[in-house]
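Subject: Structure handover and findings

Hello,

Here is the structure you asked about. Please open it alongside this note; what I found follows below.

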Amino acid sequence: MKNIKEKISIVILLIINLFFLVKYVERVTEYYLAISVIISIIYYSIYHFRNLIKFKVHYKKFLIFFIAVIYIIFSVILFNLILQPSLNVDRFSVITSFWDSYFNSGYVYNAISHLGNMPGPMPFYFLFALPFYFTGELGFFSLFGLIVFVVILKYSKINLNNQIAGVLLVTCSAFYLWETISRSNIFTNSSLIVLSILFFIHSLNMKKNRHLLINGIIIGLLISTRNVLIIPYIILSIYLLKNKIYSMRDSLKIILIIFTAFVATFLPFVVNHFQEFLEMNPFIIQSSFLMPSWLSIFCILLTFLSFYFIKEKEDIFFYSGFFLFTTIMIYFIYHLITDGLNATFFGSRADISYFILCTPFFFYFILKGNERNSSLQS
C-alpha cells in the first residue's frame with residue numbers, strides 16, 4: 001500500500017509539473033507538448049535514479065548546499081533581469097500594497113495590487129512577509145521556501161541520496177522556477193506547514209502543557225496564512241485522536257490556544273478599522289475569489305474521509321497532499337465547467353499555482369520512502 005501511495009505522489013507531482021510546462025512553453029513554441037513530455041521524463045529520472053549518486057558522505061552533504069546556493073544565485077540574476085512591476089502575477093504587489101496601506105494608516109484589506117486585486121491571505125502571511133518587504137525584493141520570500149525545504153530534509157534525517165534528489169527535484173521543477181520568477185510564495189507557505197507538523201510530532205515527548213502551548217501558537221499563526229491550509233491540521237488531528245495520542249481534553253486545550261493565536265494576528269489590522277473589517281476581510285475575499293463557499297466547505301468536509309485510511313504518521317503527509325490536490329482540482333474543474341478549457345487553463349481563469357500547495361507534502365512523503373522513524377508514541 002505504501003508503494004502505491006509513493007507512485008500516486010510522484011504521478012501527481014509530474015502532473016503538476018506538466019501543467020506548468022504546457023502552459024508556459026506553449027507561449028514560446030508550437031512543439032510545447034513534445035518538449036513538456038521530454039522534460040517530464042528527465043524530471044522523473046532524477047527521482048528514479050537517485051540511488052546511483054556515488055559520492056563520499058562529505059561530498060554529498062556539500063552537494064546539497066551547492067545546488068541550493070547555485071539556484072539562489074541564478075534566481076538573484078533573474079530578479080535583476082525580470083523586474084517585479086513587469087510581472088502579470090501580483091503576489092509581490094499584494095504584499096507591498098498591504099504594507100504600504102498599513103504604514104499610511106489605511107485599512108489593509110482595502111489595498112489594491114498593481115493588477116487591481118485585494119489581499120486575500122490572512123494576516124500572519126503578511127507579517128511573515130514583512131522582512132522581505134523591507135528588502136524591496138519579494139523574490140527572497142520565494143527563495144526562503146527552498147531553505148525551509150532543506151531544513152525539512154535535515155530535520156527529518158532523510159538519507160543523503162534522497163536529500164540530494166529532493167533539492168534537485170525542487171530546483172528543477174517548472175512550478176518552482178515559475179514561483180521564483182513570479183515572486184510567488186505558495187511553496188514557502190506550504191513547506192512551513194510541513195515543518196510545523198514534523199515539529200509537532202517530534203516534540204510529543206515535551207511536557208504536555210508546554211507541547212500544547214508551543215504547538216498551538218505555531219499552528220494558530222500558520223493557519224493565519226491561507227484558509228485551505230487548515231486541511232493538513234485536520235488530518236493531523238484525526239491521526240492523533242484515532243491513535244489515542246491526544247485525549248479530547250488535550251484537543252480542546254490546543255484548539256483554544258490555536259484560536260487565540262489566530263485571532264491575535266488580526267488585532268494590529270482591525271484596531272481603528274472594525275467597521276471596514278466587517279465589510280471587507282480575507283474570509284470574504286477568499287470565498288469569492290476561488291469558488292463558491294458551499295464548495296469550499298464541501299472540500300473541508302471531504303478531508304474527514306482520511307479517518308478511514310490514515311494509519312501511520314507518514315500518512316499525515318500523503319493525505320495532506322492528496323486532499324490539498326483534490327481541493328484544488330475541484331476548484332479547477334469548477335472553472336472548467338463554468339469557463340471552458342481555454343479560458344480556465346491558458347487564459348488563467350483558474351490559477352494553477354494553487355496546485356503547488358500540495359507539493360512539499362508529496363516531496364516529503366516520497367523522499368522519506370521506506371525509512372521508518374520511531375513510533376509516534378515514543
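Which side chain meets that of Asp250 in a salt bridge? The partner is Lys208, with an N to O distance of 3.8 Å. Asp250 sits in helix α12 (residues 248-264). Lys208 sits in helix α10 (residues 208-223). Lys208 is at 33% and counts as partly exposed.

One caution before the rest: this is a predicted model.

Salt bridges

The whole structure holds five salt bridges. The Asp250 and Lys208 pair is described above. Here are two others.

Asp351 pairs with Arg91 in a salt bridge. Their closest N and O atoms are 3.0 Å apart. Asp351 lies in the loop between α18 (341-346) and α19 (359-368), and Arg91 is in helix α4 (residues 91-103), so this bridge ties together parts that are 260 residues apart in sequence. Asp351 is partly exposed, at 23% relative accessible area. Arg91 is buried, at 8%.

Arg183 forms a salt bridge with Glu137. Here the closest N and O atoms are 2.9 Å apart. Arg183 is in the loop between α8 (174-181) and α9 (186-202). Glu137 is in the loop between α5 (123-135) and α6. They are 46 residues apart, and the pair links distant parts of the chain. Both residues are buried.

As background, side chains of opposite charge can pair when their charged atoms come close.

Positive phi values

Arg183 comes up again here. Its relative accessible area is 1%. The cut-off for buried is under 20%, so Arg183 counts as buried. Its phi is near 60 degrees, a positive value in a residue other than glycine. Most residues other than glycine have a negative phi. Please look at Arg183 on the model: this residue follows α8.

Ser105 also has a positive phi, near 65 degrees, and is not a glycine. Ser105 lies in the loop between α4 and α5. Is Ser105 buried or exposed? Ser105 is exposed, with a relative accessible area of 61%.

α8 is mostly covered. Six of its eight residues are buried. They are Ala174, Phe175, Tyr176, Trp178, Glu179 and Thr180.

How many of the ten residues of α19 are buried? The count is ten of ten. The buried residues include Phe361, Phe362, Phe363 and Phe365. Thr359, Pro360, Tyr364, Ile366, Leu367 and Lys368 are also on the list. α19 is followed by Gly369, whose phi is positive, near 55 degrees.

A contact across the chain

Gly369 leads on to Ile158. The C-alpha atoms of Ile158 and Gly369 are separated by 8.9 Å. Along the chain, these two residues are 211 residues apart. Ile158 is in the loop between α6 (139-155) and α7 (160-171). At 2% relative accessibility, Ile158 is buried.

A helix pair

Now look at helix α16 (residues 293-302) and helix α17 (residues 314-339). Their axes come within 10 Å. They cross at roughly 155 degrees. An angle over 145 degrees counts as roughly antiparallel, so that is how α16 and α17 run relative to each other. Their crossing is right-handed.

Which residues make the nonpolar surface patch? Phe62, Phe66, Val69, Ile70, Ile73, Ile77 and Leu81 do. The patch covers about 700 Å². Leu81 is in helix α3 (residues 57-81). Leu81 has 66% relative accessibility, so Leu81 counts as exposed.

Where to look

One is Arg183, buried and with a positive phi. Another is α19, with ten of its ten residues buried.

Best wishes

Conventions:
Residues numbered from 1 in each chain as written. Predicted model: local features only at pLDDT ≥ 70, side-chain atom pairs only at ≥ 80, totals over all residues. Heavy atoms only, no water. Patch = residues over 30% accessible without salt bridge, like charges linked within 9 Å, V, L, I, M, F, W, Y side chains within 5 Å. Areas by Shrake-Rupley, 256 points an atom, 1.4 Å probe, with all protein chains shown as cover. Salt bridge = Lys/Arg side-chain N within 4 Å of Asp/Glu carboxyl O. Helix = DSSP H or I, 4+ residues; strand = E, 2+ residues; numbered from the N terminus. Buried < 20%, exposed > 50% of the residue type's maximum accessible area, 1.4 Å probe, protein only. Axes fitted to C-alpha atoms, helices over the stretch in contact; angles between N-to-C directions. Parallel < 35°, antiparallel > 145°, perpendicular 65-115°, else oblique. Left-handed = near helix turned anticlockwise from the far one by under 90°.
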